[in-house]
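Let's take a walk through this structure together. Keep the view open beside you as you read.

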Amino acid sequence: MTGPLRLWSLPWALLYLRHEVLALPGRTLALAFALFLLLFPLFSQDPYWLRVLTLTAIFALYAASWDLLSGYTGQVSLGHAFFFGISGYASAILGRELGLPPGLTIPLGALLATLAGVLVGLPSLRVRGPYLSLVTLAFPIIALGLIFLFPRFTGGELGLSGLPRLGGSRLEEYYLVVLLFLASILVLWKLSGSRVGLLFHAIREDEMAVRMVGVNTVRLKLLAFAVSAFFAGLAGGLHAHYLRVAGPDSLSLFNSIQPVIWTVFGGIATIYGPVAGTFLLFPLLEVLRLAEELRTLAFALLVLLVMRFLPQGVVRGVLDRLEEECPRCKIRNAFTRKRCRACGVELHLGRPKEVAR
Amino acid sequence: MAHHRWLALLALALALAGPAAAQTLRIGILGPMAFVQGEHTWHGATLAAEELNRAGGIAVGNQRYRIELVRVDTNEMTSVTDAATAVERAITAQRVDFLVGGFRSEAVLAMTEVAADYRKVYLITGAALDGILAGRVDRNYDRFKYLFRVSPTKSSDLARTSLLLLGEVIQAVRRDLRVERPKVAILAERAAWADPLVETASRLIAAPAPQGYASEVVGTWRPSATATDVTPELTAIQRAGAQVIFTVLSGPVGVPFGRDWGRLKIPAAPVGINVEAQQETWLKATDNLGAYVATLNTLAPSVAITPKTIPFIANFQARFRQFPIYTASGAYAALYILADALQRAGTTAADAVVRALEATDYVGPSGRLVFDRTHDVTWGPGYTTGLGVQWIEGRMQAFWPRQWRVGNQVVSYAGVRPYQLPPWVVEAWRR
């Protein structure tokens with residue numbers, strides 16, 4: 001339909017927008033969400049809400065990185081804070097010792113987290129299921145032990161404070177984080193939908209079968225650990241410089257469990273699920289500050305209710321009501337359509353009539 | 001006509017209400033409100049605000065200000081991120097003018113970064129880490145000059161006091177047990193903050209008099225801060241023949257320590273830091289086995305550190321039915337210090353208030369408060385030092401400072417009684 005020269009032409013973009021994005025409620029919502037993030041400062045530059053959204057974007061990236069590893073490949077990590085925390089520490093130490101700016105130390109921290117991901121991934125070649133989860137849980141505990149062992153270097157239990165800021169103002173920091181977040185999520189989403197993503201899925205479903213068709217699952221599992229750790233590390237570095245503190249809190253069990261809650265709440269193995277989960281739950285906890293005593297109780301009740309009535313997560317629950325899969329060509333359609341947008345088959349077929357006995 | 005009368009009345013009401021609304025100082029009280037440390041910060045500040053408002057508020061220049069407290073739950077025990085966000089919300093959304101409180105040092109570091117971004121005067125009342133102020137206020141004055149610490153004394157000063165308490169118990173062992181060179185076991189929780197204290201104590205205990213205690217260190221034991229059983233450590237200490245146990249415990253391990261020590265009747269007297277033993281629930285928590293345990297503390301019943309101590313404790317207990325912990329007396333003093341500085345500054349402008357705060361010389365419930373060049377509370381005789389307390393006859397009693405000589409000064413508070421060795425320790429070593 002479009003030659004290479006016309007690829008970025010306005011009519012093509014409009015057609016793409018109309019037929020590929022606005023045709024599906026899920027994609028429309030994703031576009032609206034990205035626009036909301038990019039345009040929010042036009043309507044409000046309240047530093048508190050900019051802070052909440054910035055932190056939410058950082059944690060959403062962290063949750064999405066967990067989803068790529070645990071949701072897609074089924075390698076459930078209960079120690080994901082290891083990647084998040086060591087990247088923050090690495091960035092802080094590199095900045096302090098070598099005087100490097102955050103623009104350099106954060107990617108370096110993320111690269112160190114990638115190496116750590118490969119290291120943590122090695123046991124996954126031998127242990128599976130709950131055993132692997134327990135092994136991953138051990139890594140942040142080991143890192144904490146090392147931090148307490150070298151307090152002069154790491155600041156001990158109080159961490160390293162006074163890190164340089166990400167930007168000159170809350171607004172600058174907001175745009176930096178949001179643009180990085182959107183770009184990273186796009187990469188993760190594309191990866192999850194690619195051939196590699198399909199193989200990740202397949203490993204989760206039946207690793208033996210994947211191996212039997214000649215796929216090197218060892219390499220794929222290590223790749224999942226490395227990519228996931230890179231993005232968790234990126235989030236950890238941004239977080240440390242945003243708070244201006246890299247402390248043991250970043251390696252806590254609580255910090256390892258948080259992405260699990262956000263992802264399961266939003267919808268596991270989707271990439272956009274953890275993003276939605278974090279963007280719903282993190283600001284909600286802030287709103288609940290109005291009812292200080294009931295804050296955690298209300299939060300826990302909401303999570304329980306959603307899990308009861310939308311067991312696949314909020315995103316899947318909502319999308320299943322807004323979109324319908326064509327029974328013939330398997331393409332998704334808006335619930336308002338009567339016929340499939342690709343093959344034209346009738347979508348809302350009534351229940352087959354009972355055959356008279 | 002009637003229409004005009006209503007308008008005039010409305011204008012009058014607005015004119016009256018307008019200045020009154022403007023004459024309110026909003027003070028954000030920060031703390032982990034689900035925990036006793038945060039709750040007492042709030043209670044202490046509430047008591048002071050009520051007293052100040054009853055007395056007509058704070059006179060700043062030509063205006064009088066009423067205090068309005070804003071409760072800010074920092075949730076800092078669980079999440080540092082949450083704590084820093086709570087401070088930003090307090091400053092930008094809740095529009096507080098000043099900040100008071102904070103407890104967990106790691107969280108306070110992040111919280112003070114936000115306060116410094118907004119140039120808000122922040123009086124810390126809970127965190128002890130030296131580095132919250134030292135190395136920040138002195139090295140980067142322009143950014144961090146808005147930070148002050150009212151309580152507690154910083155970690156290194158807490159260490160000095162706890163070592164003085166140890167000296168008191170070593171003296172009691174020499175005097176009552178006639179042991180010339182007492183044996184001391186060090187029991188410190190496995191945490192980074194305890195390391196320098198263990199190192200200093202080891203050196204000081206073994207050093208000859210008058211600089212050191214001319215005693216012997218029989219060993220150092222490092223249980224986890226959350227250990228639920230310290231029987232192995234205690235039996236090893238007993239086997240090592242110690243007469244004194246120097247405790248460095250801030251975590252929940254303090255309770256199992258007290259319970260196991262009392263149950264096993266270990267013939268060694270514990271003294272040092274045991275945060276669990278600072279609370280009025282100590283005996284109940286240890287099934288009454290924690291009697292005779294001695295620890296550093298800030299306040300003790302019936303001990304008048306200053307003329308304000310007893311009235312503060314009495315008012316606090318009457319209002320909240322609890323014995324105040326140090327965050328309560330800190331927050332109480334912080335509000336008075338702030339009120340005093342605002343009156344002297346004659347303006348609410350942050351830089352002028354900082355200058356006035358630097359000239360503070362205020363006598364509060366836990367001692368005289370004068371800020372040093374890093375905006376930290378000055379430690380020493382005539383200033384704030386803390387107390388040594390011991391659980392005797394079912395209640396907390398102070399045993400230090402009592403005839404404490406520093407140069408020409410002698411520090412002694414009314415209501416401080418001599419230290420008592422546990423009877424089974426005396427019995428075991430007199431045989």
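Is B:Arg368 buried, exposed or partly exposed? B:Arg368 is partly exposed, with a relative accessible area of 28%; buried means under 20% relative accessible area, exposed over 50%, and partly exposed in between, with a 1.4 Å probe and protein chains only.

Before we go further, a word on what you're looking at. This is a predicted model, where local features need pLDDT of at least 70, side-chain atom pairs count only at pLDDT 80 or more, and totals for chains, interfaces and linings use all residues. Residues are numbered from 1 along each chain as its sequence is written, chains are lettered from A and ligands numbered from 1 in the order in which they are written, and side-chain values use heavy atoms, with hydrogens and water left out.

Back to B:Arg368, which sits in strand β13 of chain B. Helices (H or I, at least four residues) and strands (E, at least two) are DSSP runs, numbered from the N terminus. The side chain of B:Arg368 has a polar contact of 2.8 Å with the side chain of B:Asp361. A polar contact is a pair of N or O atoms within 3.5 Å; within protein, one must be able to donate a hydrogen and the other to accept it, and residues adjacent in sequence count only if both atoms are side-chain atoms. Setting aside neighbours within four places in sequence, B:Arg368 is in contact (heavy atoms within 4.5 Å) with residues including B:Tyr362, B:Val363 and B:Thr384.

B:Thr384 is 16 residues from B:Arg368 in sequence, and their C-alpha atoms are 5.8 Å apart in space. You'll find B:Thr384 in the loop between β13 (367-369) and β14 (387-392) of chain B. B:Thr384 is buried, with a relative accessible area of 9%, and its side chain reaches the backbone oxygen of B:Arg368 at 3.0 Å. Beyond its neighbours within four places in sequence, B:Thr384 also has contacts that include B:Thr153, B:Ser366 and B:Trp379.

Now zoom out to chain B as a whole. Its secondary structure comes to 14 helices and 17 strands. The radius of gyration of chain B is 24 Å, close to the 22 Å that the globule rule gives for 431 residues, so the chain is as compact as a globular protein of that length. That radius is taken over C-alpha atoms, and the globule rule is 2.2 Å times the number of residues to the power 0.38. Along its principal axes, the C-alpha trace spans about 100 × 45 × 45 Å. Of the 431 residues, 58% count as buried. Among the contacts in chain B with a separation of 6 or more, 69% come from residues 24 or more positions apart.

Next, some backbone details. The peptide bond from B:Ser151 to B:Pro152 is cis, with omega near -10 degrees, and B:Pro152 lies in the loop between β6 (147-149) and α6 (155-177). Another cis bond runs from B:Trp400 to B:Pro401, with omega near 5 degrees; B:Pro401 belongs to the loop between β15 (395-400) and β16 (404-406).

Finally, look at two residues with positive phi. B:Arg178 isn't a glycine, yet its phi is about 55 degrees, and this residue is exposed, with a relative accessible area of 68%. B:Tyr292 isn't a glycine either, and its phi is about 75 degrees; B:Tyr292 is buried, at 19% relative accessible area.
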